[in-house]
Amino acid sequence: MTPPIATANADIGEHAPRRPGRPRDARCDHAILQATLDILGQGGIAGLSIDAVAARAGVGKATIYRRWTTKEALVLEALRSDTAPIEVPDTGSLRRDLEVYFDGIIERFAANDGSDVLPHLIEAACYDPEVRISLDQYIKQRQEPLRAILRRAAQRGDIAAEVDRNVMVEALVGPVIYRRLLTGGRIDKAFVRKLLDIVL
């Protein structure tokens, strides 16, 4: 007996391979990320909303939410897309490598304030595990040049083998972040030299 048409169609639907969805448009992604960066540059995180990004990028809000479920996820992706790689200096001296590295960081601070973005992301990470994971990945990515400097120094014997380089990274970066986010103290070459005197 021939099965009812509805049942036959249902069976076909269950076993037929699903058609892939429409691939993401790279141009659309770029427009959204660039709009996010533009708004951050003009008004900081306080001036950023999905509505504003959608209007500036010329897309619907649904297009953004299909890609990034939260504003924080969008901001982190925009920062990753925009941040130029940090060169790893190789002067043959640990101290000189660190001086060159932090001098570059100081120049980046001067060129792009963005002082309210990181505190907002840190706050969001306290409540959103996904933001915490993404922020941790972003920070590790940005710290990789510093870790490379310390690895090379260990290979040269400039750092004792038993030194915990993860703690050393925290000791070097912590005071910089503390000044930038909490006290607003000046971060300049003189500060970096004093910091290196203490840590090294």
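Tutor: The chain has 10 helices and 0 strands, where helices (H or I, at least four residues) and strands (E, at least two) are DSSP runs, numbered from the N terminus. Read along the sequence, this gives the pattern α-α-α-α-α-α-α-α-α-α. The model is predicted, and for that reason local features need pLDDT of at least 70 and side-chain atom pairs count only at pLDDT 80 or more, while totals for chains, interfaces and linings use all residues. Residues are numbered from 1 along each chain as its sequence is written, and side-chain values use heavy atoms, with hydrogens and water left out.

Of the 200 residues in the chain, 32% are buried; buried means under 20% relative accessible area, exposed means over 50%, and partly exposed lies in between, with a 1.4 Å probe and protein chains only. Among the contacts in the chain with a separation of 6 or more, 66% join residues 24 or more positions apart, a contact being heavy atoms within 4.5 Å.

The part to look at closely is helix α2, which covers residues 26-43. At 1.5 Å a residue, the 18 residues of α2 should span 26 Å, and this agrees with the 26 Å between its end C-alpha atoms; the expected span is 1.5 Å times one less than the number of residues. Just after α2, G44 takes a positive phi of about 70°.

Which residues of α2 are buried? They are C28, D29, I32, L33, A35, T36, L37, I39 and L40. An α-helix has 3.6 residues a turn, so residues three or four places apart point the same way. The buried residues of α2 pack against α3 (50-57), α4 (61-67), α5 and α7 (117-125).

Take the partner α5 (residues 71-82), whose axis comes within 9 Å of the axis of α2, the two crossing at roughly 95°. Here axes are lines fitted to C-alpha atoms, for helices over the stretch in contact, and angles run from 0 to 180 degrees between N-to-C directions. On the α2 side the contact is made by I32, L33, T36, L37 and L40, and on the α5 side by L74, V75, E77, A78, L79, S81 and D82. These residues divide into 8 nonpolar, 2 polar and 2 charged, where Ala, Val, Leu, Ile, Met, Phe, Trp, Tyr, Cys and Pro count as nonpolar, Asp, Glu, Lys and Arg as charged, and the others, Gly among them, as polar.

I64 is buried, with a relative accessible area of 0%. Leaving aside neighbours within four places in sequence, I64 is in contact with I32, I50, V53, A54, V59 and L74; of these, I32 and L74 also take part in the contact of α2 with α5. I64 and L33 are 31 residues apart in sequence, and their C-alpha atoms are 9.8 Å apart in space.
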